[in-house]
Amino acid sequence: MTRTVSGRTDHVVVVGAGLAGLSAALHLLGAGRRVTVVERDDLPGGRAGRLHLSGYRIDTGPTVLTMPDFADEAFAAVGDSLHRRVELIPLHPAYRASFADGSTLDVHTDEEVMAAEVERFAGAGEAAGYRRLRGWLERIYRAQLRRFIDANFDSPLDLLTGDLARLAALGGFGRLDRRIGHFLKDERLQRVFSFQALYAGVPPARALASYAVIAYMDTVAGVYFPRGGMHALPTAMADAAADAGATLRYGEAVTALERSGERVTAVVTTHDRIPCDAVVLTPDLPVAYRLLGRRPRRPLRLRHSPSAVVLHAGTDRTWPQLAHHTISFGAAWRSTFDELTRQGSLMSDPSLLITRPTATDPSLAPPGHHLHYILAPCPNTTIGPDATAWGELGPRYRADLLRELERRGLDGIEAAIEDESLVTPADWLSQGHAAGTPFSASHTFSQTGPFRPRNVVRGTRNAVLAGCGTTPGVGVPTVLVSGKLAAARITGGARRPSARTQGAAP
């Protein structure tokens, strides 16, 4: 039986108004709990924050929204609806992939449209391979959802279900790059369906094939953009929570937890002391453990994902070859992952994510202007340059990135920038993210499923964790699920199936 919080749980304090905290709050409210959400910033969102810069409205965190049903489930817990609160715009294409040889591929989520695009790009044989891959992606997603993603774990023995056998039969415990190569022979196409492993902090050559579930979310289930930017999602969730009776307290940092034995009795902030019956902690793991005054014993030290340098650039022009999301692949591939995860050096031939949100919502920039988000993966501060080095390295690397983008066809990009914000691992570290990465602990086998840091901590009976560092992991959909799972630890009620679970094939 899944472990739940014992004793009274009438009033729950949620620390952090990010996606995980807001998801937990909505599910707790739906279960009849009184909820107070405490957030150190002056607005909701956490990692999915908002920066206002000279008329530009910039999303500071995720730029890709997939699996909106997980968000809708949180709204539904209080009788509300995501689609009533937020206008979601499906992106066609979901991505544009640009390669060093000058070729481009539009990644569509519609099977027929994508098969035609693959045939144009690489021939009929690869189009047939794409169709087989798509079927496999759908099966591997169904095999994982109920028991591996949308599930609390108390022991590795919880894995011993029929879904584990199904996942093994699908090749989920092999290597991702080899499995994708089973369906697609074109190296460029292999990249399109395997680069997502980097979201989980593991190179495709070392990632489990089960992490193709992220490619399913990106390339099959669909990619969306909320009108008003990604920050519209946490804003709507906070509004729904407030309408359902939650108290939201912004601009209050949590400084301590008061305890009586193994129970947390109050949350202490910079402004107040808030008595509680239970608490949900959503800060990054080191912060949560510090507040609890204890951390779980692990045989191996946690390994963290690579970090990223992000340049938010407001410009007076744009470039027609850019889609809403463009992945600009360098010529190098395997060597860049070694640089990021083993050597601790900057990519010598970077692959970059360029997001142009004004392609879909021009209101995010002043009239006639454009917003570009350029993300370059880089080593975290544990294996790469430390926080002090980035003070000098950051501006130099910005210049290198802009020169590389010029070389790749974005002519005049530096001259077009009117205002900008550069974010480096030093900035992520200052925000409390361990190892200077917003992507938390990597999804190696020993840090996945029941081996990932759990959302309950021994020695504390009424505190639960949520967020990307705990179950089930990194990414917008999984962080939303983490809030739901944290709430289930407190309410002790039967877990309602996700919308995507209902009707899924066994």
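Modeller: A nonpolar core is a set of buried Ala, Val, Leu, Ile, Met, Phe, Trp, Tyr and Cys residues joined through side-chain atoms within 4.5 Å. The structure discussed here is a predicted model.

Biologist: Which residues touch the most other members of the largest nonpolar core?

Modeller: The largest nonpolar core holds 136 residues, and those touching the most other members are Leu-105, Trp-136, Leu-137, Phe-193, Met-237 and Val-280. Helix α5 (residues 124-149) supplies the largest share of this core, 11 residues. A second, separate core has 21 residues, including Ile-274, Cys-276, Tyr-289 and Ala-463.

Biologist: What does Leu-137 touch, not counting residues up to four places away in sequence?

Modeller: With those residues set aside, Leu-137 touches Phe-193, Ala-212, Ala-215, Tyr-216, Thr-219 and Val-220. A contact requires heavy atoms within 4.5 Å.

Biologist: What makes strand β1 mostly covered?

Modeller: Buried means under 20% relative accessible area. In β1 (residues 11-15), five of the five residues are buried. His-11, Val-13 and Val-15 point one way from the strand, while Val-12 and Val-14 point the other way, and all are buried.

Biologist: How do you know that β1 pairs with β2 and with β14?

Modeller: A pair needs at least two bridges between the strands. Five bridges join β1 to β2 (residues 34-39), and these strands run parallel. Four bridges join β1 to β14 (residues 278-281), again in parallel.

Biologist: Why is the unit of β1, α1 and β2 called right-handed?

Modeller: A crossover is right-handed if, with the strands pointing away from the viewer, the path from the first strand over the helix to the second runs clockwise. The β-α-β unit made by β1, helix α1 (residues 19-30) and β2 is right-handed, so its path runs clockwise in that view.

Biologist: Why do β11 and β13 stand at the edges of their sheet?

Modeller: The open sheet has three strands in the order β11-β12-β13, with antiparallel pairing. β11 (254-260) and β13 (273-275) each have a single partner strand, so one side of each is left without a neighbour in the sheet. From one strand to the next, the twist averages 25°.

Biologist: How many bridges pair β12 with β13?

Modeller: Three bridges pair β12 (residues 263-269) with β13 in the antiparallel sense. Ala-266 stands opposite Pro-275 in β13.

Biologist: What is the phi of Ala-435, and what is that of Ser-440?

Modeller: Ala-435 has a phi near 60°, a positive value in a residue other than glycine. Ser-440 likewise has a positive phi, about 60°, although it is not a glycine. Ala-435 is in the loop between α15 (425-430) and β20, and Ser-440 is in the loop between α15 and β20.

Biologist: Why is Ala-435 called buried, and why is Ser-440?

Modeller: The cut-off for buried is under 20%. Ala-435 has 11% relative accessibility and therefore counts as buried. Ser-440 has a relative accessible area of 2%, so Ser-440 is buried.

Biologist: How do you know that Cys-378 is in no disulfide?

Modeller: A disulfide requires cysteine sulfur atoms within 2.5 Å. For Cys-378, the nearest cysteine sulfur, that of Cys-468, is 16 Å away, so Cys-378 is in no disulfide. The structure holds zero disulfides. Cys-378 counts as buried at 0% relative accessibility, and Cys-276 counts as buried at 8%.

Biologist: Why is Gly-409 called partly exposed?

Modeller: Buried means under 20% and exposed over 50%, with partly exposed in between. The relative accessible area of Gly-409 is 28%, so Gly-409 is partly exposed. Gly-409 is located in the loop between α13 (387-407) and α14 (413-416). Gly-409 touches Trp-319 and Gln-321, not counting residues up to four places away in sequence.

Notes:
Residues are numbered from 1 along each chain as its sequence is written. This is a predicted model: local features need pLDDT of at least 70, side-chain atom pairs count only at pLDDT 80 or more; totals for chains, interfaces and linings use all residues. Side-chain values use heavy atoms; hydrogens and water are left out. Helices (H or I, at least four residues) and strands (E, at least two) are DSSP runs, numbered from the N terminus. Axes are lines fitted to C-alpha atoms, for helices over the stretch in contact, and angles run from 0 to 180 degrees between N-to-C directions. Buried means under 20% relative accessible area, exposed over 50%, partly exposed in between (1.4 Å probe, protein chains only).
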